[in-house]
Amino acid sequence: MKISDILACSTKAFPSIEIVPPLKGITKAELLESIAPFMEFKPKYINVTSHRDEYEYSQQADGSFTRKLIRNRINETTVCGAILSRYDIEVVPHLICGGNTREEIDSKLDNLKFMGISNIVALRGDSTLGEKRFTPTPGGYRYASELVEGIHGYEKKYGADLFCIGVGGYPEKHFEAANIETDIINLKKKVDAGADYIITQMFFDNKVYYDFVKRCREAGITVPIIPGLKPLSTARQVNMLPEAFSLNIPVELTDEIAKAKDDKEAIYRIGTEWCAMQCKDLISHGVPAVHFYTMGKSRNIVEILKECF
Ligand code: FAD
């Protein structure tokens, strides 16, 4: 079932779960065990992120370069296959422009079509290690809006509406955008290209999300905008998350964490309770769904799901 149909049929907010594919070495059984705690809450679908293999380049005496694979994850389609082999659930693989030519994207779509997967989140992806800014792969797509167009171009070959497409949105603006207005104009390009819904980057202040939705509606974006949440779980994340995702953490939350000093469990509790409070408030404001970035952790999200759904 397509996410757009799930959203259209749904009468109350539901949770969706996003997982990161494991690094190589993890077995299928371990992967399935890691998502089992979420299944009790019957999420309607699971998103699986996509990642480029990471290489280190070193110059040889003769001036040539050799590359060494330093980090790779199990590919998103394979992870989706593993989930489908155990659970009766929709899977939503992410597809990124970075590292793929247009032909390679079509080849990935061939695989998804073969598996009967009808949902995709289309993203640009980030720069690779050592790159200052995102550089499109020669023969690949520069922006997620082009990828959305490319997916629809692929569908035309089959004369069928094969995929429901989600895209990313940034309530606190994408870090490269000059301002939120420009970023929303660019977000609208993705929707105009045929995206069916938006999932937001994580945020810790719901007002930021409500303002963003209002601006999007004023800009003529009418598709569902699903809020994305991640519970803060360590003191380190107070600096790490703003740096990695270009977002703000409200002072009320940072003050509470500062008061907890080195008490790891207290910090975990504060982050979990804050996220549960955000989630309840979002549901009371009538959001269609709440998307959880699990980033390899389940305990806090399970607690939030128990409390809110
Ligand atoms: P785009 O929509 O292409 O936007 C990138 C930048 O370009 C923005 O600043 C935008 O304003 C600007 N822009 C867009 N279109 C134009 C245009 N036509 N002209 C000029 N400027 C333009 N990353 C991964 O590597 N793997 C994942 O699985 C993954 N999952 C994600 C899931 C969600 C819900 C979100 C919100 C992000 C995810 N990311 C993932 C991160 C994402 O790849 C990065 O945030 C990336 O930097 C931007 O991706 P995008 O699709 O939003 O890019």
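I count a contact as heavy atoms within 4.5 Å, and I take helices (H or I, at least four residues) and strands (E, at least two) as DSSP runs, numbered from the N terminus. This is a predicted model, in which local features need pLDDT of at least 70 and side-chain atom pairs count only at pLDDT 80 or more, while totals for chains, interfaces and linings use all residues. Residues are numbered from 1 along each chain as its sequence is written, and side-chain values use heavy atoms, with hydrogens and water left out.

**Entry: helix 2 and helix 3**

I looked up which residues join these two helices, and found that Lys28, Leu31, Leu32 and Ile35 of helix 2 meet Val79, Ala82, Ile83, Ser85 and Arg86 of helix 3. By class, the contact of helix 2 with helix 3 has 6 nonpolar, 1 polar and 2 charged residues (Ala, Val, Leu, Ile, Met, Phe, Trp, Tyr, Cys and Pro count as nonpolar, Asp, Glu, Lys and Arg as charged, and the others, Gly among them, as polar). For the geometry I used axes, which are lines fitted to C-alpha atoms, for helices over the stretch in contact, with angles from 0 to 180 degrees between N-to-C directions. The axes of helix 2 (residues 28-39) and helix 3 (residues 76-86) come within 10 Å and cross at roughly 70°. The two helices are therefore roughly perpendicular to each other (angles under 35 degrees count as roughly parallel, over 145 as roughly antiparallel, 65 to 115 as roughly perpendicular and the rest as oblique). I also noted that the crossing of helix 2 and helix 3 is right-handed, meaning that the near helix is turned clockwise from the far one by less than a right angle.

**Entry: the strands**

I then followed the barrel, which 8 strands close in the order 1-2-5-6-7-8-9-10 with parallel pairing, and in which the twist averages 30° from one strand to the next. Two strands pair if DSSP finds at least two bridges between them; strand 7 (residues 164-169) and strand 8 (residues 197-202) run parallel and are joined by 4 bridges, with Tyr197 in strand 8 as the bridge partner of Gly166. Strand 3 (residues 54-59) and strand 4 (residues 65-71) pair in the antiparallel sense over 6 bridges, and here Gln59 stands opposite Phe65 in strand 4. Their hairpin has 5 residues between the strands, and Gly63 takes a positive phi near 90° there.

**Entry: helix 4**

I found helix 4 (residues 102-115) lying across strand 5 (90-96) and strand 6 (119-123), and running at about 175° to strand 5. I next looked for salt bridges (a side-chain nitrogen of Lys or Arg within 4 Å of a carboxyl oxygen of Asp or Glu), of which the structure holds 18. Lys108 forms a salt bridge with Glu76, and the closest N and O atoms are 3.1 Å apart. This pair links distant parts of the chain, since Lys108 is in helix 4 and Glu76 in helix 3, 32 residues apart.

**Entry: helix 10 and its neighbours**

How are helix 10 and helix 11 placed relative to each other? Helix 10 (residues 264-284) and helix 11 (residues 299-308) pack at an angle of about 40°, with their axes 9 Å apart, and are therefore oblique to each other. Helix 7 (residues 206-218) packs with helix 10 at about 30°, their axes being 10 Å apart. In this contact Asn206, Tyr209 and Tyr210 of helix 7 meet Gln278, Asp281 and Leu282 of helix 10, and the residues divide into 3 nonpolar, 2 polar and 1 charged.
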